[in-house]
Amino acid sequence: MAEEKTLENVPRHVAIIMDGNGRWAKARGLPRLAGHRAGTENLRPILEASAEFGIEILTIWAFSTENWSRPEVEVRGLLRILQRMIQRDLGELHKQGVQLRYLGRLDRLPEGLQKQVLDAIELTKDNDRIVLNVAFDYGGREEIVQAVQHIIRDGIPAEDVDEALLSSYMYTAGQPDPDLIIRTSGELRTSGFMLWQSAYSEYYITPTFWPDFDKEELYRALEAFGQRDRRFGGIKDDYGSSRQARKGKDKA
């Protein structure tokens with residue numbers, strides 16, 4: 001990697017739509033699961049680079065609610081990959097100060113895998129070097145629907161429902177919204193990822209397939225983010241900062 005300049009305005013929260021595993025494998029004459037395994041292997045170096053660059057929260061989308069419709073052999077393989085990743089990497093991730101969190105439907109996973117996920121969350125809950133959100137069996141629309149259902153079950157009056165309350169019922173409750181969302185493989189769509197949280201996220205699209213997305217690619221994404229003009233719906237004042245953004249910071 002070429003000599004790095006100092007990054008400006010490093011985002012606190014980066015989310016990645018890890019796309020292109022299947023096409024990466026097909027281009028090499030390999031089965032799709034080989035691409036998913038290669039994508040899993042790529043997570044550790046990107047997580048390490050994220051911590052090195054000063055990112056506080058990294059969210060990765062590993063399995064969508066729609067992925068259940070894929071061939072059964074591929075679905076079973078993806079579940080095994082998650083299980084093996086936890087078994088193999090949990091100790092080292094804990095040692096490196098990574099706090100693991102899970103975003104998505106946990107109840108549809110096999111019981112043994114559910115326990116592994118919950119045990120991993122419990123083990124790493126006090127780590128503070130970087131938070132790794134693993135979005136698995138995750139869909140943005142379903143997240144919003146579930147949040148509304150829980151609000152209704154809790155008997156909260158309609159007049160008490162506002163943005164802050166709804167945010168507190170999302171999978172990411174207590175976390176800042178993603179500043180930057182990266183999508184690999186060049187697809188120009190959100191696929192429903194973090195619909196609620198991404199209202200003012202910046203997007204970075206790269207044609208690189210996820211297994212080939214490396215530290216240098218991440219650096220370029222962060223460098224591009226630092227050059228963005230984020231106004232959060234406001235306008236620039238004479239000091240070059242957004243009134244709306246400053247208002248939000250004053251409340252923090």
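This is a short tour of a predicted model, stop by stop.

Local features need pLDDT of at least 70, side-chain atom pairs count only at pLDDT 80 or more, and totals for chains, interfaces and linings use all residues. Residues are numbered from 1 along each chain as its sequence is written, and side-chain values use heavy atoms, with hydrogens and water left out.

**Stop 1: the aromatic pairs**

Select the rings of Phe, Tyr and Trp. The structure holds eight aromatic pairs. Two rings pair if their centres lie within 6.5 Å, with the six-membered ring taken for Trp; planes under 30 degrees apart are stacked, over 60 edge-to-face, and the rest tilted.

Now pick Trp61 and Phe193. This pair is stacked, at 4.8 Å centre to centre and 15° between the planes. Trp61 sits in strand β2 (residues 57–64) and Phe193 in the loop between β5 (180–183) and β6 (202–205), so the pair ties together parts that are 132 residues apart in sequence. Helices (H or I, at least four residues) and strands (E, at least two) are DSSP runs, numbered from the N terminus.

Buried means under 20% relative accessible area, exposed over 50%, and partly exposed in between (1.4 Å probe, protein chains only).

Ring pairs link Trp61, Tyr138, Tyr171 and Phe193 into a cluster.

**Stop 2: the second largest pocket**

The pocket holds about 610 Å³ of space. A pocket is an open set of points on a 1 Å grid over the protein atoms alone, with protein on both sides within 12 Å along at least five of seven lines; a cavity is a set where a 1.4 Å probe fits but cannot get out; lining residues have an atom within 4 Å of a point. Grid points are joined across faces, edges and corners, and a volume is the space filled by probe spheres set on the points.

Which elements give two or more residues to this lining? They are α1 (21–27), α2 (32–41), β2 and α4. The largest share, five residues, comes from β2. By class, the lining has twelve nonpolar, nine polar and eight charged residues. Here Ala, Val, Leu, Ile, Met, Phe, Trp, Tyr, Cys and Pro count as nonpolar, Asp, Glu, Lys and Arg as charged, and the others, Gly among them, as polar.

**Stop 3: the cavity**

The structure holds one cavity of 30 Å³ or more. About 210 Å³ of space lies in the largest cavity. Two or more lining residues come from each of α3 (43–53), α4 (72–95), β3 (98–103), α5 (111–124) and β4 (130–138). Which element gives the largest share of the lining? That is α4, with six residues. The lining divides into 13 nonpolar, one polar and three charged residues.

**Stop 4: along helix α4**

Where does α4 bend? Centre on Asp89: the bend there is about 55°. This is the angle between axes fitted to the seven residues ending at a position and the seven starting there. Asp89 is among the buried residues of α4, which also include Glu74, Leu82, Met85 and Ile86.

**Stop 5: the β5–β6 loop**

Return to the loop that holds Phe193. Most residues other than glycine have a negative phi. Select Ser185, in the loop between β5 and β6. Its phi is positive, about 85°, although it is not a glycine. Ser185 is buried, with a relative accessible area of 9%.

Ser191 lies in the loop between β5 and β6 as well. Its phi is also positive, near 55°. Ser191 is partly exposed, with a relative accessible area of 34%.

**Stop 6: two long spans**

Finish with two distances. Ile181, in strand β5, is buried at 0% relative accessible area. From Ile181 to Leu79 is 24 Å, C-alpha to C-alpha, with the two 102 residues apart in sequence.

Arg37 is in helix α2 and is partly exposed at 42% relative accessibility. Arg37 and Gln227 are 34 Å apart in space, C-alpha to C-alpha, and 190 residues apart in sequence.
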